[in-house]
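Please look over the sequence and the three-dimensional structure shown below before reading on.

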Amino acid sequence: MLLVGGEGTRLRPLTLTTPKPMLPVAGTPITIHQITRARDAGVQRIVLGTAYRADVFTDHLGDGSRLGVEIVYAHEETPLGTGGAIRNAAAHLRSDGHEPVLILNGDVLSGVDMAALVDGHVATDAAVTLHLTRVDDPRRYGLVPTDGDGSVRQFLEKPQTPEEIVTDQINAGCYVFRRDVIDAIAPDRVVSVEREVFPALLDSGALIRGVVDTSYWLDLGTPWDFLQGSTDLVRGVAPWDGHQPADFLVLDGAQIAADAVIDNGSTIGPGSHIASGALVRGSVLFADAIIEQGAQVVDSVVGIGACIGAGASVRGAVLGDGVVVRPGAQVAEGERIDPGTVIS
Ligand code: GTP
């Protein structure tokens, strides 16, 4: 199962027009990176749990045959949260009560060995196996301390004080559930796996295993993480089978002046134009962006069809689709500009 129904509020304004899992990271939607990795790990059939902008997924992914998997859709008329989405998608599973179901949040880039996670889950007959990762600053995340044998002790909400940081292990958004555990989730209502399903399982004495994995991991929930993920893929820091690491990536139909400078893992979207003397550094340009003469785009995300005028400067900013930055204008660090806005 792939959970892709969230509104992606932290990634606005990019997610006003495209749902987060379909945003192109290094030119390819996050969902497609995940489907490809799952397929290569042996997954043949995927239930996509959709809610927000489900049409974008069906239009792009269809029945999955182009990607070499079978895709079916479990749509929620109103978003049911992560646990509710899993319960809703269960109607489309073919596995029986004891079989493992691999579940991925739709906004994570990771190098975890999915097949090994499933094998370990089956071998220990756990109710749920969680992929855990270690982070330097756990304050943004829910913490998951484990015992020496890997069994999860607790699920802790985002820690507020240093004393509350009892571990650096966090839920990495990749789970294996025993099928009957999914069927026991309350149907047709909003349920959170982290706040309801997992704590209730621990209270009931069920075994939840945490598997700490040290391979690449990044949650692409904010624009700055999204940029990091994209530049990491381009430069070969994040795993991407078949990709040759490079300093930048230029997609089909993009035109770039010979003296433009593009670097630090930037991606130039299909059909974009980069004029003479322009600089694109550590940034992601979606399709059909126009960067005019001498303009500078640094550590920024530029939406579909946006235009940065001659000599303008955009640094550490997020521009929605169709934004126009007039020649010579400056977009300051941290700005998020709504689709279609004109900045002078
Ligand atoms: P924010 O609004 O920025 O927090 O993003 P989000 O809505 O994507 O929420 P979050 O990052 O917590 O979601 C984790 C994963 O679960 C993402 O892949 C979401 O698409 C998915 N998800 C979250 N809520 C729902 C839901 O109600 N239904 C479905 N099907 N998926 C969901």
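## Helix 8

Helix 8 is mostly covered, with 10 of its 13 residues buried, where buried means under 20% relative accessible area, exposed means over 50%, and partly exposed lies in between, with a 1.4 Å probe and protein chains only. Among the buried residues of helix 8 are Pro-223, Phe-226, Gly-229 and Val-234. Helices (H or I, at least four residues) and strands (E, at least two) are DSSP runs, numbered from the N terminus.

This is a predicted model, in which local features need pLDDT of at least 70 and side-chain atom pairs count only at pLDDT 80 or more, whereas totals for chains, interfaces and linings use all residues. Residues are numbered from 1 along each chain as its sequence is written, and side-chain values use heavy atoms, with hydrogens and water left out.

Helix 8 covers residues 223-235 and reaches 18 Å from its first C-alpha to its last, close to the 18 Å expected at 1.5 Å a residue; the expected span is 1.5 Å times one less than the number of residues. After helix 8 comes Gly-236, which has a positive phi, near 85°.

## Strand 6 and its partners

Strand 6, made up of residues 100-105, is also mostly covered, since five of its six residues are buried. Two strands pair if DSSP finds at least two bridges between them. Strand 1 (residues 2-3) pairs with strand 6 in the parallel sense over two bridges, and here Leu-3 has Asn-105 of strand 6 as its bridge partner. Strand 9 (residues 169-178) pairs with strand 6 in the antiparallel sense over five bridges, with Cys-174 of strand 9 as the bridge partner of Leu-104.

## A buried threonine

Leaving out residues up to four places away in sequence, Thr-31 touches Leu-2, Val-4, Pro-21, Met-22, Phe-57 and Leu-61, contact being heavy atoms within 4.5 Å.

## The cavity

On a 1 Å grid over the protein atoms alone, a cavity is a set of points where a 1.4 Å probe fits but cannot get out, while a pocket is an open set with protein on both sides within 12 Å along at least five of seven lines; lining residues have an atom within 4 Å of a point. The largest cavity holds about 110 Å³ of space. Of the 14 residues that line the largest cavity, the closest to its centre are Gln-34, Leu-104, Val-108, Ser-110 and Met-114. Helix 2 (30-40), strand 6, strand 7 (108-110) and strand 9 each supply at least two residues of this lining.

The largest pocket contains about 1,200 Å³ of space. Of its 40 lining residues, those closest to the centre are Arg-10, Thr-82, Asn-105, Asp-107 and Glu-194. Strand 9 gives the largest share of this lining, four residues.

The second largest pocket contains about 510 Å³ of space. Of the 21 residues that line the second largest pocket, Val-43, Arg-45, Pro-100, Val-101 and Leu-102 are the closest to its centre. Strand 6 gives the most to the lining of the second largest pocket, with four residues.

Terms used: Grid points are joined across faces, edges and corners, and a volume is the space filled by probe spheres set on the points.
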